[in-house]
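Here is a friendly walk through one protein model, from a surface patch to the sheets and the charged pairs that link them. Keep the viewer open while you read.

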Amino acid sequence: MIYKDLKERDLAKIEVLGKLYASETGLTLKTDSIETVEASKEKQAIVIGITADYKPDFITLSDLRKKYTNVQSDRVIFQIEDKIIQDDPNTVYVDISNIMKIFVSPVKFIGDLDDLYMITLKVRNEKNMKDISTIRIR
């Protein structure tokens, strides 16, 4: 069994429109608006070029929680698609204009914590758009 400190993770930052963001920000960008992806050793980042008409509306996960949910607790686990975000929610930005759904679920199975929540973000992409229009009959 190996236990790793989150600070030991060596994920590349991404650069969008000249600003550096956590790698998780890339999960919420509109994929059809990405023109180029280049690795920059000097910036130690992945530089993402986007189309001129795409204007991402970046917001931190903390601000998203405050603005778009009624969760008052700071005890929140964030998830974008299937990836649990392990960075500080005050430093991870998402493109709110490309978020399709926000799911809020209380987490009740961990000890006596009454105020622990999971906030899951679903991005507007081809797969999710297809899934949302699927009718399931049981």
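Val104 sits in strand β9, which covers residues 99-106. The model is a predicted one, so what follows describes computed geometry. Val104 has a relative accessibility of 35%, and therefore counts as partly exposed, since that class lies between the 20% limit for buried and the 50% limit for exposed. Together with Tyr68 and Ile102, Val104 forms a nonpolar patch on the surface, and the three residues share about 230 Å² of accessible area.

**The sheet around β9**

Where does β9 stand in its sheet, at the edge or in the middle? The sheet is open and has four strands in the order β7-β6-β10-β9, with mixed pairing. β9 stands at one edge and β7 at the other, each with a single partner strand, so one side of each has no neighbour in the sheet. At the β7 end, β6 and β7 pair in the antiparallel sense over two bridges. Gln79 has Ile84 in β7 as its bridge partner.

Thr120 belongs to strand β10 and is buried, because its relative accessibility is 12%. Leaving aside residues up to four places away in sequence, Thr120 touches Gln79, Glu81, Lys101, Ile102 and Phe103.

β1 and β4 pair in the parallel sense over four bridges, and Val16 stands opposite Ile48 in β4. β3 and β4 run antiparallel and are joined by six bridges, with Thr36 standing opposite Gly49 in β4. As background, strands of a sheet pair through backbone hydrogen bonds, either parallel or antiparallel.

The hairpin of β3 and β4 has four residues between its strands, and Gln44 there takes a positive phi near 50°.

**Charged pairs**

How many salt bridges does the structure hold? There are four, and the table gives three of them.

| Pair | Closest N and O atoms |
|---|---|
| Glu15 and Lys43 | 3.1 Å |
| Arg75 and Asp115 | 3.7 Å |
| Lys122 and Glu81 | 3.7 Å |

Glu15 and Lys43 form a salt bridge. The pair links distant parts of the chain, with Glu15 in strand β1 (residues 13-16) and Lys43 in the loop between β3 and β4, 28 residues apart. Is Glu15 buried or exposed? Glu15 is buried, because its relative accessible area is 11%, whereas Lys43, at 40%, counts as partly exposed.

Arg75 and Asp115 form another salt bridge. Arg75 lies in the loop between α1 (61-68) and β6 (76-80), and Asp115 in the loop between β9 and β10 (117-123), so the pair ties together parts that are 40 residues apart in sequence. Arg75 is partly exposed, with a relative accessible area of 42%, and Asp115 is partly exposed at 31%.

Lys122 forms a salt bridge with Glu81. Because Lys122 is in strand β10 and Glu81 in the loop between β6 and β7 (83-84), this pair ties together parts that are 41 residues apart in sequence.

**The whole chain**

The protein has two helices and 10 strands, which follow the pattern β-β-β-β-β-α-β-β-β-β-β-α along the sequence. Of its 138 residues, 35% count as buried. Among contacts between residues at least 6 apart in sequence, 60% join residues at least 24 apart. The accessible surface comes to about 9800 Å², and 51% of this belongs to carbon and sulfur atoms.

Definitions and conventions
Residues numbered from 1 in each chain as written. Predicted model: local features only at pLDDT ≥ 70, side-chain atom pairs only at ≥ 80, totals over all residues. Heavy atoms only, no water. Patch = residues over 30% accessible without salt bridge, like charges linked within 9 Å, V, L, I, M, F, W, Y side chains within 5 Å. Areas by Shrake-Rupley, 256 points an atom, 1.4 Å probe, with all protein chains shown as cover. Salt bridge = Lys/Arg side-chain N within 4 Å of Asp/Glu carboxyl O. Buried < 20%, exposed > 50% of the residue type's maximum accessible area, 1.4 Å probe, protein only. Contact = heavy atoms within 4.5 Å. Pairing = 2+ DSSP bridges.
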